[in-house]
Amino acid sequence: MTSFTRTIAVCCAVCGLLAFASCRKTIASQPEATSYPGDNYPDVFQGFWNGMNNNYVFWGIDTTNWDNMYKVYKPLFDQLTVFDSSHEALAEQYFSQMTKGLIDSHYTLEFMTTGNEFQPSEYRKLQIDPNYFTDSAFPAAVLDSLIPAKYLTQGTVVQGTDTVTLEGTATPFTAVTGLINNQVLYLYFSNFALSQAGANTGPVFSYFFDILHRYYNQLKGIVIDVRGNGGGEIADLDYLVGQMVTSQYTFGSTRYKNGVNRLDYSPWAPAVVKPWVGGSVNVTAPIVILGDHLSVSMSELTIMAIKTLSNGKFIGTRTWGANGPLTSSVYFDGGQFTVGSSAWGSSGYMFVYTSSSCFKYINDSIYEGVGVPPDIYARETNAAYLNGDDLVLDAAMKYLGL
């Protein structure tokens, strides 16, 4: 499994995005289920099956037959009577087989006893294309050379790299901004961690927002580049998009589990973008967002937020398909949970990383597991990069009339 898909594919602090009537956890008819005990493989299987039955937020649309999984795999786990490397390998194989078709594209099984992980969405993508993570990916070198040198007006380029913390992991954070032909304001950043911008990346966002606020009515367009961006902090949505609008607007809705039964769901609640509290401007020029197959989580929510604007456009390729927001299961009756007692170690046997809520775009489409389709298809290629061209940015420039 790549560090990309697990380490930074996150959406947190959900209450900053969603206009819930209340962000408090509802009172369920049974105790909150965030951990399921089990001292042996049969009990761990039972705990996992129950946890998924209770906590998984996509049962209303997921086609996996969870009842059949019980019938097929319970006898297999009953045969695992001792803990050793061969039995553990079989257990992890069984859990992976049970979950490989789940549509939740954040979903990850973390086996604490071995350190192994399994992510169904990554598994499926690699089955289709073994070069999924390297073929036509957005190379970091482009930021260091091609885009600043070829596309951005000299003297306007500001770029830097810092280290930020996402899900407790130190992660490189790269950003670059500048003007294209002195007419279009461009911004790229590698993760949604704008609030953590430091000495090197802070000036990037200071420059971008300064130009935005001062010249928004003179710019021919704005390009936000989230290619290869694995997501991060949900508060960045209002901080970024909210500075380009002066009125709150709805771009989708969410629902979450409000009980332990499989189909216990809350009503759909609007997901909104609010003007940034520190000040915003009404951008009427085209706002183009660039994304690709490695745009994940908060990148996808931001793409949908910009697509919703009358002057917004998404150019690139279909995204990863993990847009169900995440937060601690303390706040919801579903989402992440642990399996196994302390007999397996201090962290238990397994941690199940799964979305806290289901997101539906304003057109009533749910893009979980399939990705957000572009308004204008443009696919970057390594060959083009080696030739000094960025085909996706070229498509954006053509759309903007440059």
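Biologist: Is Thr-108 buried or exposed, and what is its relative accessible area?
Modeller: Buried means under 20% relative accessible area, exposed over 50%, and partly exposed in between, with a 1.4 Å probe and protein chains only. Thr-108 lies in strand 3, residues 108-111, where strands (E, at least two residues) and helices (H or I, at least four residues) are DSSP runs numbered from the N terminus. Thr-108 counts as buried because its relative accessible area is 0%.

Biologist: Before we go on, where do such values come from?
Modeller: This is a predicted model, in which local features need pLDDT of at least 70 and side-chain atom pairs count only at pLDDT 80 or more, while totals for chains, interfaces and linings use all residues. Residues are numbered from 1 along each chain as its sequence is written, and side-chain values use heavy atoms, with hydrogens and water left out.

Biologist: Which residue stands opposite Thr-108 in strand 15?
Modeller: Two strands pair if DSSP finds at least two bridges between them. Strand 3 and strand 15 (residues 350-353) are joined by four bridges and run antiparallel. Within strand 15, the residue opposite Thr-108 is Tyr-353.

Biologist: Which strands stand at the edges of the open sheet of five strands?
Modeller: The five strands follow the order 2-14-15-3-4, with mixed pairing. Each edge strand has a single partner strand, so one side of each is left without a neighbour in the sheet. The edge strands are strand 2 (35-36) and strand 4 (117-118).

Biologist: Which residues of strand 8 point the other way from Gly-221, Val-223 and Asp-225?
Modeller: In a regular strand the side chains alternate between the two faces of the sheet. Strand 8 (residues 221-225) is mostly covered, as five of its five residues are buried. Gly-221, Val-223 and Asp-225 point one way, and those that point the other way are Ile-222 and Ile-224.

Biologist: What is the bridge partner of Ile-222 in strand 12?
Modeller: Strand 8 also pairs with strand 12 (residues 287-291), in the parallel sense and over four bridges. In strand 12, the partner of Ile-222 is Ile-287.

Biologist: How many residues are in the largest nonpolar core?
Modeller: A nonpolar core is a set of buried Ala, Val, Leu, Ile, Met, Phe, Trp, Tyr and Cys residues joined through side-chain atoms within 4.5 Å. Phe-189, Phe-208, Leu-212, Ile-222, Ile-224 and Phe-251 touch the most other members of the largest core. Not counting residues up to four places away in sequence, Ile-224 touches several residues, including Leu-187, Leu-240 and Ile-306, where contact means heavy atoms within 4.5 Å. The number of residues in this largest core is 49.
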